[in-house]
Amino acid sequence: MKTELKKQEYKKVRENWFKENQKEVSRCDTAIRHFCETFTFEEGIKKLSKFINFEESTECAEWMGSTNMRGYGWVGVSLPTTPIQSKVVKAHRLMFALFHGFDALPTGVNAKDNDGSLPVLDHICENTSCVNPLHLQV
């Protein structure tokens with residue numbers, strides 16, 4: 001009985017948090033913002049470094065972790081309301097936000113819904129698995 005009550009209370013707290021904080025920001029961007037607020041750039045890089053291989057010839061930071069069919073890296077990041085669970089986010093968006101700050105990240109943009117008029121992150125190196133923040137531009 002107490003466990004069921006705690007689950008209901010937790011669900012209500014979680015729903016309220018998202019109503020107050022999410023507005024037009026996706027859950028992925030919420031997870032990225034939480035990661036950026038929790039870790040400095042150096043701490044974030046240290047946590048992610050096991051997934052990154054720096055290629056000297058191209059200066060690309062190749063994502064060696066999970067990737068989608070188009071080659072974009074994915075990484076699990078915890079949400080502030082559910083720290084034991086994680087939300088999968090694009091690694092290059094996370095690295096860009098860590099380096100330039102979350103506010104510099106184009107938010108609320110889903111590439112499949114974008115007709116080309118909304119800002120997105122572009123890999124100037126044309127390497128979708130690159131997470132070097134210096135190779136990304138809005």
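The model is a predicted one.

**Confidence**

The mean pLDDT of the protein is 80, and 72% of the residues score at least 70. Among the elements, helix α1 (residues 2-21) has the lowest mean pLDDT, 64. The highest mean, 93, belongs to strand β2 (residues 60-63).

**Loop residues with positive phi**

Most residues other than glycine have a negative phi. Glu 59 has a phi near 60°, a positive value in a residue other than glycine. Its place is the loop between β1 (52-55) and β2. Phi of Glu 126 is also positive, near 60°. Glu 126 has 73% relative accessibility and therefore counts as exposed, the cut-off for this class being over 50%. Glu 59, with 49%, counts as partly exposed.

| Residue | Relative accessibility | Class |
|---|---|---|
| Phe 35 | 8% | buried |
| Phe 39 | 24% | partly exposed |
| Glu 59 | 49% | partly exposed |
| Glu 126 | 73% | exposed |

**Aromatic contacts**

There are three aromatic pairs in the structure. In one of them, the ring centres of Phe 35 and Phe 39 are 4.8 Å apart and the planes stand at 50°, so the pair is tilted. Phe 35 is buried, because its relative accessibility is 8%, while Phe 39 is partly exposed at 24%.

A contact of another kind involves Tyr 72: the charged end of Lys 90 sits over the Tyr 72 ring, 5.1 Å from the ring centre.

**The second largest pocket**

Phe 35 and Phe 39 also belong to the lining of the second largest pocket, which holds about 160 Å³ of space. Two or more lining residues come from each of α2 (27-38), α3 (41-48) and β3 (74-79). Strand β3 gives the largest share, four residues. Val 75, Gly 76, Val 77 and Ser 78 are among the lining residues, as are His 34, Thr 38, Lys 47, Leu 48 and Phe 51.

Conventions:
Residues numbered from 1 in each chain as written. Predicted model: local features only at pLDDT ≥ 70, side-chain atom pairs only at ≥ 80, totals over all residues. Heavy atoms only, no water. Phe/Tyr/Trp six-rings, centres within 6.5 Å; stacked < 30°, edge-to-face > 60°. Buried < 20%, exposed > 50% of the residue type's maximum accessible area, 1.4 Å probe, protein only. Lys NZ or Arg CZ within 6 Å of the ring centre and 35° of its normal. pLDDT = per-residue confidence, 0-100. 1 Å grid on protein atoms, 1.4 Å probe; cavity = no way out; pocket = protein on both sides within 12 Å on 5 of 7 lines; lining within 4 Å. Points joined across faces, edges and corners; volume = space filled by probe spheres on them.
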